[in-house]
Amino acid sequence: MPLIVLPTSQLLWVRVAAQLFSCVAFSVVAHEASLSHGLADWCVFCWAFSFSATLLVLLVEHFGLQTRAPVSWKNFPITMACYATLLCFSASIIFPVYFLKGQQNHGEARDRRIASTVFSCLATVAYLWEVTLTRAMPGEVAGYMATAPGLLKVCQTFVACIIFMLVSDPVSYDHHAALKWCMAVYCVCFILSAAVVVLCVGECTDFLPFPFTRFLSAYGLLAVAMYLTATIIWPVFQFDKSYSHNETRQQPTLLIVAVLTALNFLLYLTDLAYSARLVFVSV
């Protein structure tokens with residue numbers, strides 16, 4: 001009788017664990033009728049996207065299709081793992097805050113929500129572990145997305161997406177031109193960061209009419225300068241009574257946007273500092 005030898009790669013088992021945890025997280029609440037809230041849909045999307053991305057990576061590597069994939073395999077898996085980490089982390093915060101804290105549900109429904117929260121946290125840890133295992137070490141030649149600046153690009157786009165969600169419902173940037181400038185900052189920097197991610201994952205950096213490293217440096221300086229203005233302007237025109245016309249119930253959301261704006265400014269500043277001294281091979 002032939003023996004079945006299972007691979008013992010630590011990375012493989014971390015991915016399998018992350019996939020299992022994310023699958024359980026969305027499976028146990030997917031059919032709960034009382035979770036007909038937009039944030040619940042967001043949490044389910046976070047878990048389902050993470051599960052699907054990991055499944056795709058596992059299938060491609062199991063069948064040895066890396067060289068046939070239309071993407072850079074040195075950049076794609078770690079990019080998906082980083083997004084999955086951030087998505088599961090956000091779901092691990094949002095789901096218990098909105099669907100466990102202060103809820104009157106008891107019995108099986110509450111148990112399912114607790115289980116989803118626990119497995120979401122476990123998935124976050126597993127995906128973070130995967131990123132730690134696959135990121136580039138100092139001095140190591142690797143794909144751009146495996147370096148610190150590449151991972152920072154993922155964080156920048158994710159934070160921008162959260163900002164878009166918060167400022168759009170209700171719209172909180174249309175009562176003053178300065179706030180529209182802040183929205184323009186969020187959009188322009190998000191588009192450029194997302195373009196860098198797509199170019200690296202799609203192996204398209206060589207098609208640029210100028211050196212990719214020069215583009216990164218110029219874009220980094222521009223993004224830091226733009227986010228610095230938004231970090232100052234947003235709280236001034238949202239919380240100063242001479243400019244603000246927002247309801248009191250909107251204040252917590254606007255404060256979170258101000259914090260996330262400052263966070264993204266620090267991410268872009270760190271990215272610029274890394275990019276100024278990091279030598280990498282674009283693949």
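Visitor: What makes up the secondary structure of the chain?
Guide: In this predicted model, the secondary structure comes to eight helices and zero strands. Along the sequence the pattern reads α-α-α-α-α-α-α-α.

Visitor: Which residues of H4 are buried?
Guide: The buried residues in H4 are Ala109, Arg113, Ser116, Thr117, Ser120, Ala123, Thr124, Ala126, Tyr127, Glu130 and Val131. Buried means under 20% relative accessible area. An α-helix has 3.6 residues a turn, so residues three or four places apart point the same way. Over the chain of 283 residues, buried residues make up 45%.

Visitor: Why is Val236 called partly exposed?
Guide: Val236 has 36% relative accessibility, so Val236 counts as partly exposed. Val236 is placed in helix H7. From Val236 to Ala258 there are 22 residues in sequence and 9.8 Å in space, C-alpha to C-alpha.

Visitor: What makes the phi of Glu203 worth a remark?
Guide: Most residues other than glycine have a negative phi. Glu203 is not a glycine, yet its phi is positive, about 55 degrees. Glu203 sits in the loop between H6 and H7. With 40% relative accessibility, Glu203 counts as partly exposed.

Visitor: Why is the largest nonpolar core said to lie between domain 1 and domain 2?
Guide: That core has 81 residues, and those that touch the most other members are Trp47, Met145, Ile163, Tyr186, Val196, Tyr227 and Trp234. At least two residues of this core come from each of H1 (10–27), H2, H3, H4, H5 (148–168), H6 (177–201), H7 and H8. H3 gives the most, with 14 residues. Domain 1 (1–145) and domain 2 (147–282) both give residues to this core, so the core lies between them.

Visitor: How many cavities of 30 Å³ or more does the structure hold?
Guide: There are two of them. A cavity is a place where a 1.4 Å probe fits but cannot get out. The largest cavity has a volume of about 50 Å³.

Visitor: Which residues line the largest cavity, and what are their classes?
Guide: The lining consists of Ser50, Ala53, Thr54, Val57, Pro77, Met80, Ala81, Ala84, Tyr127 and Glu130. By class, seven are nonpolar, two polar and one charged. Helix H2 (38–62), helix H3 (76–99) and H4 each supply at least two residues of this lining. Tyr127 and Glu130 of this lining are also among the buried residues of H4.

Visitor: What lines the second largest cavity?
Guide: This cavity holds about 30 Å³ of space. Its lining is Lys153, Leu216, Gly220, Asp271, Leu272 and Ser275. Two or more of these residues come from each of helix H7 (212–239) and helix H8 (251–277). H8 gives the most, with three residues.

Visitor: How do you know the classes of the residues in the lining of the second largest cavity?
Guide: Leu counts as nonpolar, Asp and Lys count as charged, and Gly is among the polar residues. By these classes the lining has two nonpolar, two polar and two charged residues.

Technical notes: Residues are numbered from 1 along each chain as its sequence is written. This is a predicted model: local features need pLDDT of at least 70, side-chain atom pairs count only at pLDDT 80 or more; totals for chains, interfaces and linings use all residues. Side-chain values use heavy atoms; hydrogens and water are left out. Buried means under 20% relative accessible area, exposed over 50%, partly exposed in between (1.4 Å probe, protein chains only). Helices (H or I, at least four residues) and strands (E, at least two) are DSSP runs, numbered from the N terminus. On a 1 Å grid over the protein atoms alone, a cavity is a set of points where a 1.4 Å probe fits but cannot get out, and a pocket is an open set with protein on both sides within 12 Å along at least five of seven lines; lining residues have an atom within 4 Å of a point. Grid points are joined across faces, edges and corners, and a volume is the space filled by probe spheres set on the points. A nonpolar core is a set of buried Ala, Val, Leu, Ile, Met, Phe, Trp, Tyr and Cys residues joined through side-chain atoms within 4.5 Å. Domain bounds come from an automatic or database domain assignment.
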